[in-house]
Amino acid sequence: PQGREKPLYYPVVRFINAPPPRGLGGENCPARHGREAVFNAAGYMDRHYEDEPAGYTWCIDEWEADGLFYQEDHRRTIVIPYIVSVIDERTTKILGWRLSPSLDAETVLDLMEELVRREGPPRFLVSDRLGHYRRMLQHKMVLARKAELAERLAGPLEALGVTNRGPKREKNPRGNRIERMHGIYSDLAGRDFGPSWREPLEGKHKIRRVDENVKRHLRDHCKLRISGPQLLSFERAGQIVGSWMDEINLADTEANGCHGMTRQAAYLEFQPAAPRDRPSQEVVDLAFSQKCELIVRAGGVLVTPDGRRYGPD
C-alpha cells in the first residue's frame with residue numbers, strides 16, 4: 001500500500017501464511033503458540049556480566065544437603081539440613097550462608113540482616129522462588145489482619161529499596177546463577193560428609209549406605225550404647241560447610257564475570273566506581289524489626305502478641 005491506503009485483506013493473509021523470510025510462516029509462526037514457543041525458537045542466548053558491578057545483584061536459594069546428621073542434644077533426631085546461601089551475581093562469590101535443620105523464615109531473615117549490615121543492600125535480589133521468600137520475609141511481621149494486609153506489606157529488603165527480580169526458570173541465562181553453586185556443594189558433600197553422605201540412588205539400588213548407618217546409629221549407639229555415633233553430628237556438618245566457603249571463594253574458576261580471577265579477587269576488583277549508599281543502622285533496625293498493627297480504642301489497653309500490655313498509665 002502507498003500513502004494512507006489500507007492494505008487489502010488477501011495480500012495480508014498471503015503475507016501471514018507465506019514461509020519466512022517472505023512472510024510470517026502461518027501456523028508455524030512461534031508467536032502464535034505462546035511465550036514458550038517464542039523462547040524455544042529464539043534459542044539460547046549467552047549472558048555476560050560486564051555491565052554489572054560486584055554487589056549490584058544478590059542471588060539466594062536453598063540446597064537440601066546430601067547428608068543425614070544427628071542432633072547433639074537429641075541423638076535419635078536425624079536431620080537432612082538445608083544450606084541457605086547468598087552469592088554475588090557478577091562474580092558468584094559466596095557472601096553468606098546458614099545451615100539449618102529446617103528451612104524457616106528466621107534463617108533467611110537473620111542471614112539477610114547480617115549481610116545488609118556488613119555489605120549494604122543490593123539493587124536486586126534474584127530468587128527462583130520469589131513468592132516463597134517474600135512470604136518468609138513477611139512472616140516476621142505479626143499482623144492482626146493477615147488476609148487484608150499481607151498483599152500490601154513488603155518484606156524488609158523492599159523497605160530498603162531492593163527490587164526482587166525473578167522468577168526466571170525457563171533455562172534463562174539471566175536466571176539464578178546459584179544453581180551451579182549447588183553442584184559444587186554436592187561434589188564437596190561426597191568428598192567430606194563421610195558416613196553421613198547421602199549418595200544418589202542409581203539403577204535398581206533402593207538403599208544407600210547412609211541408611212544402614214542410620215539404623216546402626218539408632219540401634220547400637222542410641223539404644224544399646226555398644227558403639228559411638230555412626231553418623232556425623234549437625235554441628236560437625238556446620239564446621240564442614242563453613243570450610244567450603246573459603247575454599248570455593250579462593251579457588252580458581254572459569255565463571256563468567258571473573259576474568260580468570262578467583263571469586264574473592266573478582267568481587268574486590270569489580271566494585272562499583274562510586275561507593276554504594278548504605279542505610280543507617282536505625283533504618284536497618286526498623287526494616288528488620290517485628291511489627292504489630294492493632295486498633296485500640298481511646299483509653300484502652302494494648303496487648304501485643306508476646307503478652308506485653310501497654311495502657312494509659
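Is Y185 buried or exposed? At 0% relative accessibility, Y185 counts as buried, where buried means under 20% relative accessible area, exposed over 50% and partly exposed in between (1.4 Å probe, protein chains only). Welcome to a few close-ups of a predicted model, in which local features need pLDDT of at least 70, side-chain atom pairs count only at pLDDT 80 or more, and totals for chains, interfaces and linings use all residues. Residues are numbered from 1 along each chain as its sequence is written, and side-chain values use heavy atoms, with hydrogens and water left out.

**View 1. Y9 and Y10 make an edge-to-face pair.** The structure holds 6 aromatic pairs; rings of Phe, Tyr and Trp (its six-membered ring) pair if their centres lie within 6.5 Å, and planes under 30 degrees apart count as stacked, over 60 as edge-to-face and the rest as tilted. Here the ring centres of Y9 and Y10 are 5.0 Å apart with the planes at 80°, so the pair is edge-to-face. Both Y9 and Y10 are exposed.

View 2. Helices (H or I, at least four residues) and strands (E, at least two) are DSSP runs, numbered from the N terminus. W63 counts as buried, at 11% relative accessibility.

**View 3. Two arginines lie over ring faces.** R90 sits over F270, 4.0 Å from the ring centre, while R177 sits over Y49 at 4.1 Å. A charge sits over a ring if NZ of Lys or CZ of Arg is within 6 Å of the ring centre and within 35 degrees of the ring normal.

**View 4. The largest nonpolar core has 25 residues.** Such a core is a set of buried Ala, Val, Leu, Ile, Met, Phe, Trp, Tyr and Cys residues joined through side-chain atoms within 4.5 Å. W58, V86, M112 and F288 have the most contacts inside it. At least two residues each come from β1, β4 (82-88), α3 (105-119), α10 (263-269) and α11 (281-288), and α3 gives the most, with 7 residues. Another core, of 24 residues, lies apart from it and includes I87, L188, V241 and I248.
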